[in-house]
Amino acid sequence: MREEENYSYKTPSSQLVKIAEIASHYKGRPEMLMKVITKVQKIEPAFSASVASVIAREMDIPQTQVYSFVTFYAMLSVKPRGKYVIRMCKSAPCHVRGAKEIVRALEDLLQIKMGETTEDRRFTLEYCPCLGVCEQSPAIMINEKAYVNLTPESVRDIVKRYIRGEV
Amino acid sequence: MEERQILLRNRGKINPRKASEYIATGGYEALKRALSMTGAEIIEELRLAGLRGRGGAGFPTFRKIQFAYDAPGDVKYIVCNADEGEPGTNKDRILLSCDPCAVFEGMAIVAKAVNAHVGFIYLRAEYAYLVPVLEQALESSREEHCLGNNIMGSGFDFDIKLRSGAGAYVCGEETALFESIEGKRGEPRFRPPFPGISGLFGKPTVLNNVETLANIAPIFRNGWEWYRTIGTDNSPGTKLFTVCGNVKRRGVFEFPMGINLKDLIYEVCGGMEEGRELLAVQTGGASGAIINASQIDMTLDIDQVSNSGGRLGCGTILVMDDRNCIIDIVRNNLEFFKDESCGKCTPCREGGTRLYQLICKIAEGRGSIRDIETIEDLAETMRLTALCGLGHSTAVPVTSSIQNFYSCYLRHIDREYCHVCSEEDDAV
């Protein structure tokens, strides 16, 4: 995928309607951009150009401001993402407790590399900085839920529950 | 060794969502006392108590409040920095999830001191699961008239709003945090003006770490004289230590300032796992110094750790056993800083990347003594010229490890076999 396509792909118009509804509550309040973005992210995992333009229009701020904001923060993305984003902590406390083996187990189970999204758009694997559960490392986070004290076996079991739709 | 639980006194004992349970353990009594005091009296109490910031820098708390107190203007803000991003730290998560009202109470007391009516808690995105807990705790505190309009019938109004981050280490820096609350990219501002004069939305602002704020209510409940009996002269009070890495027992522990690092690792945390030896300890998170096993007989208080070239920082103790390689750990630290640099100032943006490239070169057996000299030169440049604390401390793990593990650097330069770094090369 070319770089510009990572931003200009299509988002369904039904989604855009919902997003417009969220953003319209904060018209003329640019300081609420984070709140809008966090709410939008719950229903749409990535911020395409069309998502950004709807937010910008409804809040009455420049679209570039939305893009600049989204590309700054690690947990936000303009690129398409899966329904479940699996974040692997990359920081030292997890690193010294076998994070590498967890990564291998995840890549092997989902058959994608870190930074990639499965073809069915269900899972994205990515690294993230410290998750703040260091006394129980190694840890991952799947969307807003943290899983701790992982072993390659336990992480497989956890992700399988998502694959089967048990979560 | 017994823990001394002041901040964690309610851990697991009360329902954190209910202010009534906090009140039943003596909560919000300190606020009641503070509401009858003047701003100057509140600041004086904190000065006498000697409370210093627990977020990393150890700056005297009363001074921060004094700046905002002296600043002209009717609108002032209180901000709680809950963007706990330092790798290896999760004390603030424990505090906010066990006893959030203690933090609100601290904020309200500071608000009374400077006559602020609005406070913000900036919570990192990784802790999004705490939002419902905090919201319910806030709501129930309002119902108990401990927050909101006319607190406890005193005529003083103060309320707290929650704001979230979205994943950026640099937002733990105070001015970057303000930018983020204002709906912008979290890039640090040039200083001066300092936050006490012009902070959030350009208004005088007092920003404190979660743990610092949690210390305030106990001080006002028991008095500064009591507080001075705990900890050391220069760092009174207790400190939360997050011990992680290769020790038997990991966790967040509360001890008086001045506890010995060796005792913490061996007596409290049970030492290394069977058959393993201690290789190194990093105090203060990724931006802290890495010391070797012979240096751990050290008193943990803000000044003593600084004197030994490291920093107590937020109280993180990362313990590494002999399965690890220092160069690999430093590479991990630098990769973190390279990724987390916001890119606003050149020394940090370019310097962090260069340091990472140099350490990779050494790890891969392509380094030379000349590279160590370049690293030291670069480290000094970054320390002197970077815009914020992130750039100032990026090089700390490198320079401290060069000092304390020089032979390890030499082994990599001499291309001796390293079981950790060579495995990494195979993977790439």
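These are my notes on how chain B meets chain A, and on one residue of chain B, Asn209(B).

**Ground rules.** I am reading a predicted model, where local features need pLDDT of at least 70, side-chain atom pairs count only at pLDDT 80 or more, and totals for chains, interfaces and linings use all residues. Residues are numbered from 1 along each chain as its sequence is written, chains are lettered from A and ligands numbered from 1 in the order in which they are written, and side-chain values use heavy atoms, with hydrogens and water left out.

**Entry 1: the interface.** I looked up the contact (heavy atoms within 4.5 Å). Chain B gives 55 residues and chain A gives 37 residues. I then looked up the buried area (accessible area, 1.4 Å probe, that two parts lose on being put together, summed over both). The value is about 3400 Å², and carbon and sulfur atoms give 52% of that. On the chain B side, Ala166(B), Arg185(B) and Arg250(B) lose the most area to chain A, together 18% of what that side buries.

**Entry 2: salt bridges.** I searched for salt bridges (a side-chain nitrogen of Lys or Arg within 4 Å of a carboxyl oxygen of Asp or Glu). There are three between chain B and chain A. One of them pairs Arg93(B) with Glu135(A) at 3.3 Å, N to O.

**Entry 3: Asn209(B).** Leaving aside neighbours within four places in sequence, its contacts include Arg54(B), Gly55(B) and Asn81(B).

Technical notes
Helices (H or I, at least four residues) and strands (E, at least two) are DSSP runs, numbered from the N terminus.
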